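Please look over the sequence and the structure shown below before reading on. The briefing that follows goes through confidence, surface and ring pairs in turn.

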Amino acid sequence: MMATRWMWMGVVAMLLMPALASAQDAGSAEVEASAEVEAERSGGDDADAEGRAFVGDTALLSEVGRWEVGLFGPLRYGLSEEMELAVHPLLFFVAPNAQLKVGHGQRGGWHVASTYQLTYPTPLLRLLAREGIGGILPSDRAVPHIVSLQGELRVTREMGAHLLSLGLGVQVAPRVGESQLVSIDLPFVYPRTAAMFGWATGIASVHMQGPIAGKLGYEADVRAFTYPGVDGAFAVEQGASLRFDASQGFMAQLGYRLSYAGYPFGTMFNIVPTLELAWGF
């Protein structure tokens with residue numbers, strides 16, 4: 001009797017073993033599939049984060065929680081997936097400023113963002129209105145309170161590893177108080193201060209960046225200004241540089257920037273070398 005019971009138990013065990021093995025295989029396959037999905041997701045996030053290092057002049061935003069600071073460039077911070085905050089630390093204490101970039105997702109394959117920049121340049125202008133070294137404005141002229149407001153719409157398209165960006169913006173600079181301010185007829189400065197003498201400055205830009213070989217890449221851009229009603233009325237700037245992305249934590253850039261602009265005394269062409277070092281963390 002006992003032998004018969006053990007025989008039936010053996011038969012039942014043999015019948016159940018394939019089912020148990022199948023269930024174990026299914027569980028293992030599910031765990032492996034979950035690991036693959038997680039690996040793909042992690043890899044995607046890493047690739048996305050890598051693509052979002054030092055992308056300041058595009059419609060892309062810095063990674064959330066990431067800081068970037070340039071030797072001459074702004075200090076940037078990724079506030080959220082939709083917002084990035086930036087300030088120019090070298091100018092902040094003489095010309096308080098802040099810029100907010102807001103991401104608006106993708107439209108037809110283009111990343112869309114808008115930027116809003118607020119600057120109070122009055123302390124800097126009053127500092128420059130003096131005699132002697134560093135004085136580029138007459139010391140006897142009254143400088144009003146000026147608030148510069150600049151808004152810009154940017155779109156960026158990924159073309160393989162390259163980024164093509166287009167921008168269109170406007171700058172206004174309302175003034176309060178007596179004004180005897182004279183124009184600062186210097187390249188790269190005059191177009192950015194022309195709104196203080198007129199009603200608005202229009203800005204359009206094309207920007208391109210991407211890799212060349214390994215960690216060596218490039219950046220190039222063209223930026224045009226128009227300031228109707230102000231002497232000169234226009235400026236065109238073009239720049240290009242080679243950049244070395246050592247890692248997500250450091251980038252070096254060397255190039256040139258040229259300007260062809262109208263001034264109260266006529267047009268002038270200028271070219272200057274450019275250097276930038278930037279750190280991210």
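A residue is called buried when its relative accessible area is under 20%, exposed when that value is over 50%, and partly exposed in between. By this rule Phe93 is exposed, because its relative accessible area is 75%. The structure is a predicted model, and the mean pLDDT of the chain is 84, with 82% of its residues reaching 70 or more.

**Confidence along the chain**

- Where pLDDT is low, the predicted coordinates should not be read in detail.

**A nonpolar patch on the surface**

- Trp67, Leu71, Phe72, Leu90, Leu91, Leu254, Leu275, Trp279 and Phe281 form a nonpolar patch on the surface, and together they have about 960 Å² of accessible area.
- Two or more residues of the nonpolar patch come from each of helix H2 (89-92) and strand S14 (266-280).
- Phe72, one of the residues of the patch, is placed in the loop between strand S1 (67-70) and strand S2 (75-78), and Phe72 counts as exposed because its relative accessible area is 53%.

**Leu153 and its surroundings**

- Leu153 is found in strand S7 (residues 148-159), and with a relative accessible area of 45% Leu153 is partly exposed.
- When residues up to four places away in sequence are not counted, Leu153 touches Val112, Ala113, Ser114, Leu166, Gly167 and Leu168.
- Leu153 and Thr115 are 38 residues apart along the chain, while their C-alpha atoms are separated by 6.5 Å.

**Aromatic pairs**

- A pair of aromatic rings is described by the distance of the centres and the angle of the planes.
- With ring centres within 6.5 Å as the rule for pairing, the count comes to seven aromatic pairs.
- The rings of Phe92 and Phe93 have centres 5.7 Å apart and planes at 90°, so this pair is edge-to-face; Phe92 is partly exposed, at 34% relative accessibility.
- Phe234 and Tyr260 form a tilted aromatic pair, with 5.7 Å centre to centre and 55° between the planes.
- Because Phe234 lies in strand S12 (residues 234-247) and Tyr260 in strand S13 (residues 250-263), the pair ties together parts that are 26 residues apart in sequence.
- Phe234 is partly exposed, with a relative accessible area of 28%, and Tyr260 is partly exposed, with a relative accessible area of 39%.
- Tyr190, Tyr227, Tyr263 and Phe265 are linked into a cluster by ring pairs.

Notes. Residues are numbered from 1 along each chain as its sequence is written. This is a predicted model: local features need pLDDT of at least 70, side-chain atom pairs count only at pLDDT 80 or more; totals for chains, interfaces and linings use all residues. Side-chain values use heavy atoms; hydrogens and water are left out. Patches are made of residues with over 30% relative accessible area and no salt bridge: like charges are joined within 9 Å, nonpolar side chains (Val, Leu, Ile, Met, Phe, Trp, Tyr) within 5 Å. Accessible areas come from the Shrake-Rupley method with a 1.4 Å probe; for residues, only the protein chains shown count as cover. A salt bridge is a side-chain nitrogen of Lys or Arg within 4 Å of a carboxyl oxygen of Asp or Glu. Helices (H or I, at least four residues) and strands (E, at least two) are DSSP runs, numbered from the N terminus. Buried means under 20% relative accessible area, exposed over 50%, partly exposed in between (1.4 Å probe, protein chains only). pLDDT is the predictor's confidence in each residue, from 0 to 100. Contact means heavy atoms within 4.5 Å. Rings of Phe, Tyr and Trp (its six-membered ring) pair if their centres lie within 6.5 Å; planes under 30 degrees apart count as stacked, over 60 as edge-to-face and the rest as tilted.
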